[in-house]
Amino acid sequence: MEANRTIGRTDGATPTSNIGPDVMQGLAPAEVSDVLPLVPGVFVKQYGGLGGLRTVSLRGGSAAQTVVLLEGVRLSSAQHGAVDLSMIPARMVESITVHRGSMSAFYGANAINGAVDIQLVRPRETTASMAASLGSFLEQRWTPMVALGSESASVVAALDVASTRGSYPFEAIIDGTSDDVLRLNSDARSTTGAVVARTGASSVFAFARTADRGVPGPVANGAAPLARARLADADVILGLRHTVATIGETQWDVLAGMRYLDQRFSDPDATVMGPRGIDERYLQRDGALSVLTSTTLDGMAIRSRMDLSFADLRGAMLQPEVGPLVQRRSASLAADATVILDSALTALMALRADVISDAGTAVTPLVAVRYGVARPLTLRASWSMGFRPASFNELYYLNYGTADLKPERSSTIQAGVQEEF
């Protein structure tokens, strides 16, 4: 018996892995974070059980050093740079592509260690299904999905409802002795609705989530801080991709995305902030518009991209000198070319320039070469630069942010031998 390779590898010049539809259907993961660790160099940090934060780390870096995209739309926010993967219902995901190494030349800010691009389902027939799971401490998840599909167009809609009581017992050391303690304030409830519609030239998706969860703290000497702290949020993400025209060998596409996140954190016991504790609301808005071109010539593929983006954050817990609102605007131009010199040798060159209103400018190049020595051995080598502007939290959060932080910059050299099958 011969085992099948579950994770595909592309034949490009940079290290790239793909989790395809067969893997997603075969494993039927409850969350996207359950399958990503199958890819080399990927680690998912899970902050608690159901309802806890899930972030992805590439090659040991932080979550803010990896860009996460949904159908090409950036999810990585200016507020903190990280993405909570639990907000994306796994049943709506068809495939995931992971690019390892600095990808700032392609994706701009935050792609110091790479990028994760999530592609949504593309049904080709009409189906209706229901997935359900039950666990201890009243943990449950229900995901009905309906798909209408053909070769030319499709619409798929899903609802993901998850909840848990989370009050599991654990052993704690209190005053030098062992005692059983019940974990408090660890319940969570979330409801996510998703719709994806596709035609020959266009695709549109919409995600909306509402969640309410406890924010439990550690237990020390019998005291449980954050025993009544709560986090509630409402999140809406919209995305659009449309092929405007194909002129000769060049295709023109427009990509647009928008996100609106309303978060409220409350803790009546945090009287250090006042007799009523903490009750703060944050409003985050992100918007982006991109124009892409792609040209295929004999032995060469050329792409260009222009991006315009806007982000702001409104809340009371910001530094007094910036007031209740901070903003970021950015513009960028990028181009890359893949040249197939012969059947064994491929070269990739890319260059991107970014201008960011509160972080200055950045120019990020990438050069990569792939050479097939003799089947099945392949050599890869690349050099690239990356950057990450400080997040709003790092710059402006009250009693934490430092407004004069400079962007993080990197230079990455990769070399390796791969055995292809």
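Reader: How many salt bridges does the structure hold?

Author: Side chains of opposite charge can pair when their charged atoms come close. Here a salt bridge means a side-chain nitrogen of Lys or Arg within 4 Å of a carboxyl oxygen of Asp or Glu. The structure holds 24 salt bridges. Keep in mind that this is a predicted model, where local features need pLDDT of at least 70, side-chain atom pairs count only at pLDDT 80 or more, and totals for chains, interfaces and linings use all residues. Residues are numbered from 1 along each chain as its sequence is written, and side-chain values use heavy atoms, with hydrogens and water left out.

Reader: Which residue forms a salt bridge with D269?

Author: That is R228, with the closest N and O atoms 2.6 Å apart. D269 sits in the loop between strand 17 (250-267) and strand 18 (278-297), and R228 in the loop between strand 15 (202-214) and strand 16 (230-247). Strands (E, at least two residues) are DSSP runs, numbered from the N terminus.

Reader: Is D307 buried or exposed?

Author: Buried means under 20% relative accessible area, exposed over 50%, and partly exposed in between (1.4 Å probe, protein chains only). D307 counts as buried because its relative accessibility is 11%. Its salt-bridge partner is R352, at 3.0 Å from N to O. R352 is buried too, with a relative accessible area of 5%.

Reader: Which residues do salt bridges that share partners join into one network?

Author: Look for E31, R54, R141 and D160.

Note on methods:
Helix = DSSP H or I, 4+ residues; strand = E, 2+ residues; numbered from the N terminus.
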